[in-house]
Amino acid sequence: MIDAAATRRWAPPAGARPEQLMILLHGAGGDAGTLAPLAEALHQAFPQALLLALQAAAPFEGAGPGRQWFSLQDLTEANRPERVAAVLPALRKAVQEAQQASGVGPAATALVGFSQGAILALELSALEDGLAGRVLAFAGRYARLPERAPQYTTIHLFHGADDAVIPAAQARAAMQRLGELQGDATIDIASRVGHALPPVLVECALQRLRSHIPHRTWAAALGVVPGLAERQGRPGD
């Protein structure tokens, strides 16, 4: 389900050990190169990070030569969770292998997805809390709104107000649910933006990464979350 040979990399200076790991997931019809502008912006802001843009193995069923993580044919609210779930084991394995190879722990790992890739990032964080310290979901949604909020993953939602593919209402619904569940989440919605990755949302993402202090960090300082101090012994946020 993942074309490992097509993975694109942005690495720290030669000989430097990565301090963060960012795994990028493209949307349907895209490929590993589609998110290159976003990866380059992230790499410029965080030169000590290792960035990996993964590529789906399945050919896109629509027009063009791109790839897709799961089929969009006859996609419904009822069958979307099942299709997404089928992809998650391979993606989880790829993330864990990248962490082991880079020496970067889960707390310093970020999953960054656009559209279909954002769906996978959100659902993987729901499946395995703490696999990544942060999720940056651009123009995405949950396949099914979560029943529990992650304790060890911060969710950052970015959306265009005029998105006609995945309406911004999906991001708002996710934010509302995570708030009700006392999850750690943020949302940025850009006016006059459709289903796209414009510079304004990229800049929002950079600001969130630079300035947002996860709730779990405050909780750990107060001794609220059992076992969190040990988890944050790994390379942190």
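1. A quick definition to start: helices (H or I, at least four residues) and strands (E, at least two) are DSSP runs, numbered from the N terminus. Residues are numbered from 1 along each chain as its sequence is written, and side-chain values use heavy atoms, with hydrogens and water left out. Please keep in mind that this is a predicted model, where local features need pLDDT of at least 70 and side-chain atom pairs count only at pLDDT 80 or more, while totals for chains, interfaces and linings use all residues.

2. A pocket here is an open set of points on a 1 Å grid over the protein atoms alone, where a 1.4 Å probe fits, with protein on both sides within 12 Å along at least five of seven lines; lining residues have an atom within 4 Å of a point.

3. Its lining has 18 residues, and Glu123, Ala126, Leu127, Pro146 and Arg148 lie nearest the centre. Both α2 (80-102) and α3 (116-127) supply at least two lining residues, with the largest share, five residues, coming from α2. By class, the lining has twelve nonpolar residues (Ala, Val, Leu, Ile, Met, Phe, Trp, Tyr, Cys and Pro), five charged (Asp, Glu, Lys and Arg) and one polar (the others, Gly among them).

4. Now for the second largest pocket, which holds about 310 Å³ of space. Among its 15 lining residues, Leu52, Leu54, Ala94, Glu97 and Ala98 are the closest to its centre. Two or more lining residues come from each of β3 (49-54) and α2, and α2 gives the most, seven.

Definitions and conventions. Grid points are joined across faces, edges and corners, and a volume is the space filled by probe spheres set on the points.
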